[in-house]
Each structure stands twice: as C-alpha cells, then as structure tokens.
Amino acid sequence: MFFDKNFTIEKYRQGLKSRKFSITEAVGEFLGYAKKENEKIGAFLHFSEDEALFQAKEMDKDIESELEVSPLFGVPMGIKDNILISGQKATAASKILENYVASYDATVIKNLKRDRAIFLGKTNLDEFAMGSSTENSAFQLTRNPYDISRVPGGSSGGSAAAVAANMALGALGSDTGGSIRQPAGFCGIVGLKPTYGAVSRYGVIALASSLDQIGPFAKTVKDATVIFKSIAGHDDMDSTTSDTDYSKVDNFNDVEVKKLVIGIPKEYFIGGMSPEVEKEMDEAIGRMRRDGFEVKEISLPNTKYALSCYYIILPAEASANLARYDGIRYSAPAELKGMDINLLSTYLKNRGAALGDEPRRRILLGTFVLSSGYYDAYYAKAQKVRRLMLDDFLKAFDKVNGGVDAIMAPVAPSTAFKIGEKTDDPLSMYLSDIFTIPVNLAGLPGLSLPTSKNFIKGKLPVNFQIIGRHFDEKTILALGNYYETQLING
Amino acid sequence: MSEINEKSLEYLLSLARIEEKDAKRRGKLLKDLSKILDYFNELKEVNTENVEPLSGGTFLTDIMRSDEKKYRGNNEHGEQRKKSIEQFSRKENDYLKIPPVFE
C-alpha cells in the first residue's frame, strides 16, 4: 500500500503530478483496502467498484490535460447514502428504500463529477439521517476506527469513519443538527456544515428542509475546502441557494487571521461536558490566546432552549417530508408485496413494516406538534424561540457593537460513546447534539476540527467547532487552517 | 403532565399512516414520546411576546424560475422519467398501479 494515515487530497495530487502512481493503481488500492476494512468498520453500505475502476482508467488517459484544471481529478470519495447518484442505490439506510435506485444525480454529485472525483461507494447513516451514532441504520453498524467498540457518531457516521480509516480521501455528508460536525469529531477528522443556502439540496433525501445542508469530510481543512468549493454555489433546482461567489473561498491569504476576534459563548461551558472534552477545549482556547488572538467571552442566552426548539421543528418538517415513502413509488422492500386490499391499508402496512423506530418516533412527534390544538403551544412557539436564537448569534457577530468574527465552541459533550450505550433512551441520544443544533437553527456555517493530535497517541478524538457569519465560510476555513497548521502541527 | 395517551397515540398513528399492532412497542413509543414532550415544557418559560416566528432557514424571497418546455422524449428528463417508472412496485404500461381508493 502506498498511502498512509496522513494521506490527503493534496498529497494525492502531488503524487499524480509526479506520476508516482496512476489513478487506476490508486483507486484499485483504495477499493481493495476499503473493502477489506469495511468488514471491520462497516462504513460503506455498497461499493461501486466497476464504475470507479472504469472512471479511473478513462481519467488516466486525460491526465495530461485535465489534472491541473480539475481540482478533484481522480480523488476517491465516499457519498452518504441519502445523496442521489444516478443509477446507484440510494437507501437512506431505510428498509422502505432498500431497493430504490436513483434516477438522477444530486447537484452536488454533478459538481463533483464536473471536477472529476471518483465515487467508491455509498456510506452508512442513521435511517433518514435521524440519529447521532449511525446505530439507527436499518442495515448495519458502523464502528469507530479509533475504538471499534464505540460509535463513529452520526448521522453521517459512515462517511466520517470511511475518511478516518483511510478508505476514502474525502466524503460527503449532510448536517441537519450536527450530523457532519459530530461524527467528524468522534472520528478525529475535519467536517464542514455550510451556511444554509450555500450548497444545493437538490437530490438529497430531505430530512428537515429548513435545516439540512450537505457538506464535506476530509483529513485537513484545506482538503475540506477543495470539496466545499466544488459543491457550493447557486443552483436553479434549489431556490434556497444563494448566489454568493465562492470562487476565492480557498484564498486563505486574503483573511487577516490574526486580526480576528474570537468569541467563547459562556452558555456552552456551564456543565454537561465530559472532563476530557473540557480539558481539550481549555487547551485549544489557551493555544489561541498564547498565540496572540483576542479571545473574549460572549453570551448566547437562549442556547439552553435549542434542543427543545430543534426537536419540535425537525420532526414537524420530517413528518411531512417522509409522508411520500409508502413502499409503492420508490420501489418496494423485498418482503412487502407492495400492495394490500386497498390504498389506506397498503400505506399503513408498508410504513408500519418498513420504517424503523427512530423515524416512527419523529414522524409521530411531528404529527403531534402540528396537530390542531397543539400547533401554537409547540410548533409556533419553537419558531419564535428559533428567531431569538438567531438574534443571539447576529448580536454576537455585530462588529460595530463590539461583536466577534468567529465563535469557538465544543462539538459534542463527550468523546465517542460505546455501541448500545444510548439506544434505549432517545432523549439521552438527542442530548449529544446539544452543541451543534443552534448552528442549524440559525443557518450558520460551522467547521469541526480536531483540538489536538492527542488521539493519534491512543486517546479518543475531540473536535471543536468554529462558527462564522452567514456565507462567511472563508473566514472560518482560514482560521481553521491556521489552527491546524500553525498551532497543533508542530 | 404529558398531553399524550393511549388514545391519542392511536389517532397519531392513523394520521401518520403507520400500523403498530405490537402492544409492547406501542407502550415504549408512548413512554418515549411522553418523556420528550415533557422536556419541551422548558419552552414555556421563554418570553416570546412580539417575536416574529422564524419559519425557514433562508432570507431569500420570491425566487422564481422561468417557465420552460420539457419534453418527455429522449433527453435528460425523459431518461429520469423512465428510471422513475422502473422503480414502481406495480405498473400498467407507464402508470403506477395501486389498489382502489374507494370501494
């Protein structure tokens, strides 16, 4: 094997430039290694081996002319199985979509194909991206590469584990309440949740449409930026996408990093964090201070209501989005015949048999909070609290009135927990999203990256997040890159 | 005090078109949902008077695409349509076949 744990997209491109290996060789090695490791880690649900090798061979012919102009030329990636690739299965890890084959490419996939990435396969997730550990997948467990008795986080656990275990150089996930940032943290890699509207959601199996965003996983901030730049931008097929120009998002030199003012929200530090996370966070903040950054305490007073607010809004939207899965239109699961005596009983039977516990719980919760008599007390109330949370952030970022440029916060209250530890108690599972949820409610970008390299020496990874202003991914990526290359890489 | 009980759970299940005959699983659902709804009570203490609800993630408004003619023939959308039809669990010609709605 010619690649090691520290192999990155950047190094891969250097290798291709000097013709150290061909794309066919590289993709072949990645596939061989990934298939073998998958028996242990369970990161991939299915591989698209023939397609990937075919692509690789074709690309080797074009390498002279295209390597320079295609930023992801031949880069082997994993794609979360709730994102559509035409002609490939897209199950969202649900029984009800077990046999569904996508009929078109998601916009993010079109963009990655334009930049000539190669897809090794589709990665595991919690059913319909509902969960924080990937244990809600209807098909298989995914294990944390740093300790296989533990979860990789979720819901994009397969994508995170695939990159951390070197089964792919990058991956896509989706983040509705932390589903990129938290698994990136549990697996010690980099994950970006872009601003709501930065990346098209066309072709992602929707969970909660006002919260979902697709984003990258990679081993370094630079690598994550390359993938983000490829997938970001306006799309006619998603009217919530903005026309922000991301063509210079990777010019980190434009950002005067050392002049950035960093905010530490005090509400994130009042209990609830495990000692190892607290220690890593203290050390990360200390590194910034010692390096001369202006770091100051800020207040986001409505933070404590985020969980309630989120678990009202998300199920409400999810219950509507998941109404279309009836076991009729998007192929039928094998054990269902698809049809019963009448339409109503067909719906009841198919959905009753093929939706897992967590989707069931959230659909019912959503149905409840939207039902007549409860709407105002739950859904409308949550939307008002959501506004208050957004206002908290806007005030914190208000530079004219002493605001900050970026916010530094923990990603998860603990390191990766044991498989099975939280599966019986949904509320305790929900609480593992407490630090990531506010960012989705406010539509902000959040970058998750390792606090230190201690996890290489046998400890479990701990990430922190840098939260930025709307559509200001560049600042948080530049800051993250500075932290990663200057403060912990020595 | 939770606002959900055996009877309302039954009603929610029918609204959501989910069959759940297993009494043990229904019991667990009821227990979990009650616990989660109780947790939401903390929102009652937030003063939201005169606060405008935030309904979505975007601040964009009135985004329209211009009308365009799409063909069923041999183009990208035709291909897409064909692949979608292939997914139907039962069909007659190119139509999705379903059991009767009314009897």
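Tutor: The contact takes 56 residues from chain A and 44 from chain B, where two residues are in contact if their C-beta atoms, placed from the backbone, lie within 7 Å. This is a predicted model, in which local features need pLDDT of at least 70 and side-chain atom pairs count only at pLDDT 80 or more, while totals for chains, interfaces and linings use all residues. Residues are numbered from 1 along each chain as its sequence is written, with chains lettered from A and ligands numbered from 1 in the order in which they are written.

On the side of chain B that touches chain A, helices H1 (6-15), H2 (23-39) and H3 (76-86) of chain B each give two or more residues; helices (H or I, at least four residues) and strands (E, at least two) are DSSP runs, numbered from the N terminus. H2(B) provides the largest share, six residues.

Now for chain B as a whole. Three helices and two strands make up its secondary structure, and from the N terminus on they run α-α-α-β-β. Chain B is more spread out than a compact globule, because its radius of gyration is 23 Å, well over the 13 Å that the globule rule gives for 103 residues. That radius is taken over C-alpha atoms, and the rule is 2.2 Å times the number of residues to the power 0.38. Along its principal axes, the C-alpha trace of chain B spans about 60 × 45 × 25 Å.

Finally, look at Ile312(A): among the residues it touches are Tyr378(A) and, from chain B, Phe40(B).

Definitions and conventions:
Lists of a residue's contacts leave out its neighbours within four places in sequence.
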